[in-house]
Amino acid sequence: MQTVIFDDDALSNLYPLTLNRSIGDLRCGITKLRQRLESIFCDSEETCVIIAENLVPLYQERHPDWIINSAVRGEKLYLNSRIVITADAVEQIQKLDFGSCLYAGQNIVAIKVKDTSIFPDVAKLKKKLCNIKLYNCLADIIQDNSRMLMRDYHLHFYDGENYFETEPGVTVLHPYNVWVGEGAEFSPGVILDASEGPVVIDTGARIMANAVLCGPVYLGKKSLVKIGAKIYGGTSIGPVCKVGGEVEGTIFQGYSNKQHDGFLGHSYIGEWVNIGADTNNSDLKNTYKTVAYYSYTHKAKIDSGNQFLGCIIGDHSKTGINCSINTGTVIGIGCNLYGPNLIRDFIPDFSWGEAEKLEKYRFQEFCETAEIVKQRRNLSFTATEKELYKNIYNMRI
């Protein structure tokens, strides 16, 4: 049976991270949402997805072997990419009969059919209500990260081939909760504290002297933790990142840098982001009330329902030195921010300047910087990417 993972019309709820990627490619825990669904439900080696049409050219360029927005013959299980995985959710989906559709409220969760359409006519299917939850915003993913880190560890890493060896000068607490990939490096004074959750150090990652990592935490392939860094639980650092200072409960999608001192908490950081030295964010209001954040869908701030929520930063955005980011701030794609003014509320995509004196980033200059940044990682800023960003630039919400 072919598993088809689809993005629904809640895509804008997860902006700015889904302006240029599928919901299924958002990181939560150790894996991305799509990867987790495939690992549980997919019995085929083929990846089959339904994504927004404007993303298709980029995904076809990056993943020529994927089946993208195309009809698939035979038995199919359609899965909403926003599914919150629990044991009960997995059981309900596995028990779904052919010709049936699982709903959570008005949202389609899963469909099981035998037909040749790209997406079945749900009006012709048997409707079944369920209590499966879906991620409705990036704040939901941030809050669920610790749980998914622990789940992913036991599902994918606990019994896997482990290159963990105690090195001189490295302190490990609860070593049975630590997994280390091939070629990972540790300098003297490193502390891996897995007493409250697993610590996963992926292939080729490096941790410099006197850094402390407290689980649950994931350090992605070829990522670097700087000297004296303090990485607290609930943090996922994707591949090829450089992270220093103090970080707690934060997700780095990948290819982003926060190399220097400064606090970052309960935040979601996209790709190709650079956070300047001594940039700090607030993740807790002085009133201890729940944090509101800007919603692209509502075009206004809405309550996250969470007491802890830092910032959300879209791809290719940068902050200068000594920047301060307020609680619940949303920074769009392609921003370049600096200066002493508090960065707060919502910074529209492709903004340039101080928080109180924003201008629209010149698109050609944005592209020139993006090209330089990607070349530093031996990657290219392709014409397809440029076209996607140009369209986002022109629609600038």
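Which helix gives the most to the lining of the second largest cavity? Helix α5, residues 363–375, does so, with three residues. Helices (H or I, at least four residues) and strands (E, at least two) are DSSP runs, numbered from the N terminus.

The structure is a predicted model, in which local features need pLDDT of at least 70 and side-chain atom pairs count only at pLDDT 80 or more, while totals for chains, interfaces and linings use all residues. Residues are numbered from 1 along each chain as its sequence is written, and side-chain values use heavy atoms, with hydrogens and water left out.

**Cavities**

A cavity is a set of points, on a 1 Å grid over the protein atoms alone, where a 1.4 Å probe fits but cannot get out; its lining residues have an atom within 4 Å of a point. Grid points are joined across faces, edges and corners, and a volume is the space filled by probe spheres set on the points. The count comes to three cavities of 30 Å³ or more.

Around the largest cavity stand 14 lining residues, of which N13, Y15, Y293, Y294 and S295 lie nearest its centre. Strand β29 supplies the largest share of this lining, three residues. The second largest cavity is lined by H316, K318, C335, N336, Y361, F366, T369 and A370.

**Nonpolar cores**

A nonpolar core is a set of buried Ala, Val, Leu, Ile, Met, Phe, Trp, Tyr and Cys residues joined through side-chain atoms within 4.5 Å. Buried means under 20% relative accessible area, exposed over 50%, and partly exposed in between (1.4 Å probe, protein chains only). The largest core has 65 residues, and L26, I83, I93, V109, I141 and Y268 touch the most other members. Helix α4 gives the largest share of this core, five residues. Apart from it lies another core, of 39 residues, including V178, L213, I231 and A355.

**Cysteines**

Zero disulfides (pairs of cysteine sulfur atoms within 2.5 Å) are found in the whole structure. For C42, the nearest cysteine sulfur, that of C48, is 9.0 Å away. C42 counts as buried because its relative accessibility is 19%.

Note on methods
On a 1 Å grid over the protein atoms alone, a cavity is a set of points where a 1.4 Å probe fits but cannot get out, and a pocket is an open set with protein on both sides within 12 Å along at least five of seven lines; lining residues have an atom within 4 Å of a point.
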